[in-house]
Amino acid sequence: METPIKPPSVIKAKIVEQRAEFISDPVAKLRFIRRETAPVEPTRWEKFLDAHKPKVTMSLGVAAAGLVIFAIASSQRSVKARSLPAVAYSTGNPSAHEPGSIWMVDTRGGQEIYSNSLRIETRFTIPLGEEPTWKYNRYTKGSKTPVEMKDPVGIVFHTTEGLMAPFEKEQNGRLKFIGESQVRLVRSIRAYHYVVDRFGQVWRVVQESEPAFHSGNSIWADKDWVYMNLNHSFLAVSFEARTQGEGEAFVTEAQKLSGKLLTDMLRAKYHIPFGNLVTHGQVSVNPDNYGIGYHTDFGGEFPFTELGLPDNYQLPPPSMTMFGFNYDETYLAAMGDRVVPGLAKAEDMLNSQAKAQGITPALLTRRLREQYRQIFQNLKKDNKNEVSN
Ligand SMILES: [Zn+2]
């Protein structure tokens, strides 16, 4: 989403124009005008307030198509109160694309080579188990009984949060050593399906047909299904990186490049919808206090646009709209401003649901949490041997 920018007032623009008349050097004149008319960035708090005013976000023209679609969808939802929200809609990235057909061209020397130039390193791939272990944690909306599924339906993006060396030529030996150690560690705990190291090498660790222990307590949904504890329904792609402060780029260009190739291949193979490409911080929940974002990795810095995807940070978290989870200041601080519009949408949707049912938002929240609690108890019984993360 574009940051809402306040235009300088018309009066100020006039004054600047008049003053600029007295500057003869054209470069200096241009610099002066640029400096004087630079858009004023609203403060973080102003943006937060703006985003939390119902409907004001849209009248500001904050984001074009995505929000308009949302506005229409949410007004329909308030009529059909019991039907739960769909989250798979476009969030307005004009470069978002369907990957088309991508196939494996060859395997050689511990590598798989794909038609879109993707290379997958398979030296550390865990051999398939004897028993199929993929489970069925997908539900139709409103149901508490899981429904069978054969293929993964989405991707959760993670960061490895391990040791980092400066990304410099002189550090090459260390970078290689750390990268390989990370892959070995991930292998020992079956943490992710894929690791993208800092040179952009893609390592398959857990096979796509088996679960990895990447998103213990977690919730996501698309227009048809609700997914609980995504180890059994979403693939995990982890970038060798550490989540840092807001606004800091920390993924290398090589990682973006091969992250895109890998995402395209997986999307093409499993027909993954845009809305099911999310970060751990968006799906992770804490069932003890109904907080979202028990894990907040990738913070607010996942390069959705550079991977040719819509900015899914703008999606309202299904944990809030369907099960009454909530966020706090710590979550906001960890995830940054990019998630604020999605959280605001989720609040709007909850309020509309409550209104349509003629109950208070607090009562609705209690009811939704009770629904979650029932599914959660069953999940705990099924998955008691899993590493939870
Ligand atoms: Zn994670």
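Predicted model: local features only at pLDDT ≥ 70, side-chain atom pairs only at ≥ 80, totals over all residues.
Local features are reported at pLDDT of at least 70 and side-chain atom pairs at pLDDT 80 or more, while totals for chains, interfaces and linings use all residues. Residue numbers start from 1 along each chain as its sequence is written.

An open sheet is formed by 8 strands in the order 1-2-3-7-6-10-5-11, with mixed pairing. Strands (E, at least two residues) and helices (H or I, at least four) are DSSP runs numbered from the N terminus, and two strands pair if DSSP finds at least two bridges between them. Strand 1 (104-108) and strand 11 (277-279) are the edge strands, each pairing on one side only. From one strand to the next the twist averages 25 degrees; axes are lines fitted to C-alpha atoms, for helices over the stretch in contact, and angles run from 0 to 180 degrees between N-to-C directions.

Strand 1 and strand 2 are antiparallel and share 4 bridges. D106 lies opposite I113 of strand 2. The hairpin of these two strands has 2 residues between them, and G109 there takes a positive phi near 50 degrees. Strand 2 (residues 111-114) is also joined to strand 3 (residues 119-121) by 3 bridges, again in the antiparallel sense. In this pair, I113 has R119 as its bridge partner, and E112 stands opposite I120. The hairpin of strand 2 and strand 3 has 4 residues between the strands, and S117 in the turn has a positive phi of about 80 degrees.

Helix 7 (residues 253-270) packs on the sheet, where its contacts include strand 2, strand 6 and strand 11. The direction of helix 7 makes about 155 degrees with that of strand 6. T263 is part of helix 7. This residue counts as buried because it has 23 C-beta neighbours inside 10 Å; the cut-offs are 20 or more other C-beta atoms within 10 Å for buried, 12 or fewer for exposed, and partly exposed in between, with C-beta atoms placed from the backbone. Leaving aside residues up to four places away in sequence, T263 touches I155, L277 and L307, contact being defined as C-beta atoms, placed from the backbone, within 7 Å. T263 and I155 are 108 residues apart along the chain, and their C-alpha atoms are separated by 8.3 Å.

Helix 6 (residues 172-188) contains 17 residues and reaches 25 Å from its first C-alpha to its last, close to the 24 Å expected; the expected span is 1.5 Å times one less than the number of residues. L175, G179, Q182, V183 and V186 of this helix are buried. Seen down the helix axis, the buried residues of helix 6 fall within an arc of 95 degrees, so they line one face; the arc is taken over the directions from the axis to the C-beta atoms. G173, S181, R184 and S188, on the other side of helix 6, are exposed. The cover over the buried residues includes strand 6 (194-196), strand 7 (202-204) and strand 10 (234-239). Just after the helix, R190 has a positive phi of about 50 degrees.

The largest nonpolar core has 66 residues; such a core is a set of buried Ala, Val, Leu, Ile, Met, Phe, Trp, Tyr and Cys residues joined through C-beta atoms within 7 Å. I155, Y192, Y194, V237 and L262 touch the most other members. Helix 11 (residues 340-357) supplies the largest share, 6 residues. With residues up to four places away in sequence left out, the contacts of Y192 include V186, V205 and V237.

Key:
Contact = placed C-beta atoms within 7 Å.
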